[in-house]
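Please read them beside the coordinates.

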Amino acid sequence: MKNPNLALLLSLTFTVLTVGCSPKASTSAPSPAGKALTIGFAQTGAESDWRKANTKSMKDEAEKRGITLKFSDGQGKQENQISAVKNFITQHVDAIVIAPLVETGWEPVLKEAKAAKIPVIISDRTVKVDDESLYAGFVGSDFKTEGKMVADWLIKKTNGKGRILELQGTTGSAPANDRHSAFADAIKGTGLTIIDSQSGDFRRDNGKQVMEAFLKKYKKGDFDIVYAHNDDMALGAIQAIADAGLKPGTDVLVVSIDGLKEAVQAIVDGKINCVVECNPLAGAVVYDAVAKVVAGQPVPRISYNKDEMFDASNAKAAVATRQY
Ligand code: AHR
């Protein structure tokens, strides 16, 4: 993007690209006949700063709209999320929002919600189910596009050459699956290769530990690039790289996904080279969708955020206005 002011404005805006019907999102979320909504939200946990910003957005927006939010922190366990959804069903909430930890294993509990006539919106991470009618719609980022954006940036920056160490997100989660597969597809046929790959579970301390283990296996000159599936793992990794006496961002290219203010600042400081945004500020868009579903109106099958990209060309202008 040539105009940095326009880029900034766009990065501040939680733009929604819709696939399916009803492309317009309302700016407020009146409940049917003015009834205050009670919504159950089954969150994955608090594994990253991105997740904390996502939870805050959901809670703040609920308060703003007079929504009674029943919030459950799954603490990184799918069974906790499934129990939470069952509880929400027992409590006869008006709707349920799930940010699913992993992609599979949701069918039985979604069938229970459907039988109880409680609509479900899937937020942030996608699920794999045979029967798509088990949930009303998906709102979140396109993780495949994010992985491809990182790969395209690297291909341009390196002329398609380099050995990559990959820090994957939570095993079985949609962002780990999609950010890996789309990235791997995009570098096919170039001289870029993933030489090793380990999960750091989207956690900063795990990212540091995995990078420390990599640095015992691979010395300076054995690898050129670290691709982290999120900023927290990248920030942990750059600490490990610096502790090992290497310069992150110079001796090793570091690329990641999320767009945390701290990661964009690390670009300004020369320690991270490229960050693709994954906007966590989902409250307004999710509750707009919930309000429509509860009112019996159609919602798009998929609503994707429009995510920006930051590197040395625009990070300085962007960092001041990052909201998370
Ligand atoms: O599902 C979104 C991912 O989950 C974010 O990239 C990561 O930071 C979070 O934990």
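1. A cavity here is a set of points, on a 1 Å grid over the protein atoms alone, where a 1.4 Å probe fits but cannot get out. Points are joined across faces, edges and corners, and a volume is the space filled by probe spheres set on them. The count is 5 cavities of 30 Å³ or more.

2. This is a predicted model: local features need pLDDT of at least 70 and side-chain atom pairs 80 or more, while totals for chains, interfaces and linings use all residues. Residues are numbered from 1 along each chain as its sequence is written, and side-chain values use heavy atoms, without hydrogens and water.

3. The second largest cavity holds about 100 Å³. Its lining (residues with an atom within 4 Å of a point) has 13 residues, with Trp 50, Arg 51, Arg 125, Arg 179 and Asp 258 nearest the centre. By class, 5 are nonpolar, 2 polar and 6 charged (charged being Asp, Glu, Lys and Arg; nonpolar Ala, Val, Leu, Ile, Met, Phe, Trp, Tyr, Cys and Pro; polar the others, Gly among them).

4. In helix 9 (261–268), Ala 263, Val 264, Ala 266 and Ile 267 are buried (under 20% relative accessible area, 1.4 Å probe, protein chains only). Helices are DSSP runs of H or I, at least four residues, and strands of E, at least two, numbered from the N terminus.

5. Thr 170 sits in the loop between strand 7 (161–168) and helix 6 (174–187). Thr 170 counts as buried because its relative accessibility is 10%.

Technical notes. Buried < 20%, exposed > 50% of the residue type's maximum accessible area, 1.4 Å probe, protein only. 1 Å grid on protein atoms, 1.4 Å probe; cavity = no way out; pocket = protein on both sides within 12 Å on 5 of 7 lines; lining within 4 Å.
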